[in-house]
Amino acid sequence: MKRTLKVNAKLIGLVTKPQPIKVVIGGRGSGKSIGVGDLLTFKMDTEGADIYCLREFQNDLSDSVHKVFVGSIEKRLDLVGWDVQRNTVIAPNGAKTTYKGANRNPNAMQSAQDYKYSWFEEAHTASQESLDKLLPTIIRNPGAQCWFTANPQSSADPFSRRFINPYLKDLLKHGVYEDDLHYIVVVNWRDNPWWNKEQRALRAWDYANISRAKYDWIWEGKFNDDIEDAIISAEWFDAAIDAHKKLGWEPKGRIIVSHDPSDKGPDDKGLCHRHGSLVLNVVEKAGLDINEGCDWATGYAIEHRADVYVWDCDGIGAGLRRQTLDSIAGKKMDHIEFRGSKGVDRPKEVYQEVESHPNARAKTNEQTFKNRRAQHYWSLRDKFYNAYLAVVKRKYVDPDDMISLSSGIENMASLRAEVCRIPRKQNGAGLIQILSKEEMKRLKIDSPNMSDSVMMTEIHAVLAAKALPFKFAGYG
């Protein structure tokens, strides 16, 4: 009997493309789950294919996609002769669904090899362990496919790192990416032909009443990199991308290259290349030991004719002084040994003048910040906010008081995740303090090596201070 299926046009590639990994990402109202459920129900009906349904967290059947399949059978496809049970649906040809939670059944991934089609719903919650076990299982089973549906969360999540970040440019430009292994498609509310008036009203309210960053995450399937107590908003970060081009100013001042050697061993190293208020590039490098990382960073600084080279000297970076000086010997390049745990720069200088109240007293830097790391991160925060004021709110801000990020930065998604996930730490003294890397790791926030590299380039404010000399050996 001939079957007819009505499906969102953006999802047709799921059944016409041969790749073993199919990924559908997008925001609210896109109809991703219903569309995939209908397609896989169709596969059960026409191919007799069993469907293996996974979620990272599934405490009971109410957490599964069982209701989606029931809706496909009884409402949208109007199929007859199916056996709809409490924990499965069975087609007249014997094809059935199985539901598993990956978190409680880590070895359940390997069972996917017995199925032609697997579906990982809410895949943005997938752990690295689940992906590591599932993907090799799919590849070694000829003809098998695994379909993923997800509303992207943080760009630092395992799912984003595996299926979105490497292909982000194509996804942003074309809405689709494919190679021999992957077929990845972006589907959002405007692609849904069954969009209804209630959804339209809710989207319109959100567009008018919540931040653009939050709206883009909910409705457009963009990353949600904001966390509680983060000092830099994702909306500010987005406004700073190519702010210099949007506002028509050119960079001026010193060229600075900064290097975060990472905490230990082969952790990713960070590097930032900045010209005045413009961040030209931010790079991370994996697989290098601390000395190899130092050679890489100083080599980059020399190649790009940096005026100043700065590196993190808290922790193991303190041992890089001799190697760094040997590397830049004979170059017209000042060096700065940055120690974020030390006291603030310009301690007696007023941080900000207070004009809101005649009795308000302005505080100095040492009365405002716990240490130098907090001071420089807050300075970075101020510049991101000023970029937002200038670009989005159309207020005049001196380019020296803002920051612009070149859109040519290849690791923009990862940088956004790091910069927008730097939390403030409360302390009894009322000083501004930032969580340390060790504290962030305990909260399962990745080490911000690229973000710290950008933060260290805020040293340019110190370089501009008239009271300071222009030789910085031994700074800190």
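Seven strands form an open sheet in the order β5-β2-β6-β7-β1-β9-β8, with mixed pairing; strands are DSSP runs of E of at least two residues, numbered from the N terminus, and two of them pair if DSSP finds at least two bridges between them. The model is a predicted one, in which local features need pLDDT of at least 70 and side-chain atom pairs count only at pLDDT 80 or more, while totals for chains, interfaces and linings use all residues. Residues are numbered from 1 along each chain as its sequence is written, and side-chain values use heavy atoms, with hydrogens and water left out.

At the edges of the sheet, β5 (97-101) and β8 (176-178) each pair on one side only. β8 joins β9 (residues 182-186) in the antiparallel sense over three bridges, and Tyr177 stands opposite Ile184 in β9.

Turning to open space, the largest pocket has a volume of about 1,000 Å³. A pocket here is an open set of points on a 1 Å grid over the protein atoms alone, where a 1.4 Å probe fits, with protein on both sides within 12 Å along at least five of seven lines; lining residues have an atom within 4 Å of a point. Grid points are joined across faces, edges and corners, and a volume is the space filled by probe spheres set on the points. Of the 35 lining residues, Leu168, Leu172, Lys222, Ile241 and Met412 are the closest to the centre of this pocket.

The second largest pocket holds about 580 Å³. Its lining comprises 24 residues, with Ala156, Arg161, Glu418, Asp446 and Ser447 nearest the centre.

Notes. Helices (H or I, at least four residues) and strands (E, at least two) are DSSP runs, numbered from the N terminus.
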